[in-house]
Amino acid sequence: MFILDWFNEGSLALQIFRVVAAVGLIMAILQVILRLLGADSDVDIDTDADADGHVISWTTLAGFALGFGTTGALMVGSGYSVPAASSGGVATGLVIATGFYFLMRGFNRLKEDNTFRIENTVGKTATVYVRIPARQSGGQVQVVAQSRMMTLAALCDSEVATGGKVKVIEVIDHETVRVTPV
């Protein structure tokens with residue numbers, strides 16, 4: 001019962017600051033667990049709101065509560081008045097919430113976008129998958145771009161047999177490329 005004894009000692013203001021700090025710590029721990037599991041909490045305040053430029057999110061609220069409660073409890077425990085401890089807690093909470101905001105914004109910028117962009121095939125060597133008739137549609141090539149192999153429709157000025165090597169020289173549309181024999 002050490003935790004209950006520790007919590008019950010001190011003034012009501014000290015206990016309130018400790019509760020706020022504990023809630024902030026629990027929220028921060030839950031955020032870390034949710035992010036590690038890849039889960040997201042779609043409630044009124046989005047866990048990834050910082051990525052959208054919103055300052056208020058579960059992460060920033062957790063940071064504020066943790067900073068406010070911890071600083072307030074330390075200051076009250078050191079003999080400061082409740083208004084002084086509250087002011088110190090608000091200042092620390094805002095600094096920590098701001099730090100969490102920029103930290104999460106930075107992490108969200110690191111997210112990988114795996115959307116395939118056909119433009120990234122230009123200049124790549126491809127293998128003819130389905131024979132490409134001269135100056136006609138109907139051929140297909142397999143090309144590796146963005147660490148994945150894609151099969152795309154292909155046009156060429158000359159006929160290229162299945163298995164031949166070609167180089168992608170132009171994007172025609174979202175699924176067709178122009179190639180030239182290598």
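This is a predicted model: local features need pLDDT of at least 70, side-chain atom pairs count only at pLDDT 80 or more; totals for chains, interfaces and linings use all residues.

Reader: Okay, zooming out: in what order do the strands of the barrel run?

Author: Follow the pairing from strand to strand and you get β1-β2-β3-β5-β4, a closed barrel of five strands with mixed pairing. From one strand to the next, the twist averages 55°.

Reader: Now the charges. How many salt bridges are there?

Author: Look for a side-chain nitrogen of Lys or Arg within 4 Å of a carboxyl oxygen of Asp or Glu. By that rule the count is three. Take R131 and E159, whose side chains meet at 3.5 Å, N to O. R131 sits in the loop between β1 and β2, while E159 sits in the loop between β3 (148-155) and β4 (165-173), so far along that the two are 28 residues apart and the pair links distant parts of the chain.

Reader: And are those two buried or exposed?

Author: The idea is to check the relative accessible area: under 20% is buried, over 50% is exposed, and in between is partly exposed. R131 has 40%, so it counts as partly exposed. E159 comes out at 51%, so E159 is exposed.

Reader: What does D157 pair with?

Author: D157 meets R178 in a salt bridge, at 4.0 Å from N to O. D157 lies in the loop between β3 and β4, and R178 lies in strand β5 (residues 176-181), so this contact ties together parts that are 21 residues apart in sequence.

Reader: Which residue does E170 bridge to, and how far apart are the closest N and O atoms?

Author: E170 bridges to R178 as well, with the closest N and O atoms 3.2 Å apart. Both residues are partly exposed: E170 has a relative accessible area of 36%, and R178 has 25%.

Definitions and conventions
Residues are numbered from 1 along each chain as its sequence is written. Side-chain values use heavy atoms; hydrogens and water are left out. Two strands pair if DSSP finds at least two bridges between them. Helices (H or I, at least four residues) and strands (E, at least two) are DSSP runs, numbered from the N terminus. Axes are lines fitted to C-alpha atoms, for helices over the stretch in contact, and angles run from 0 to 180 degrees between N-to-C directions. Buried means under 20% relative accessible area, exposed over 50%, partly exposed in between (1.4 Å probe, protein chains only).
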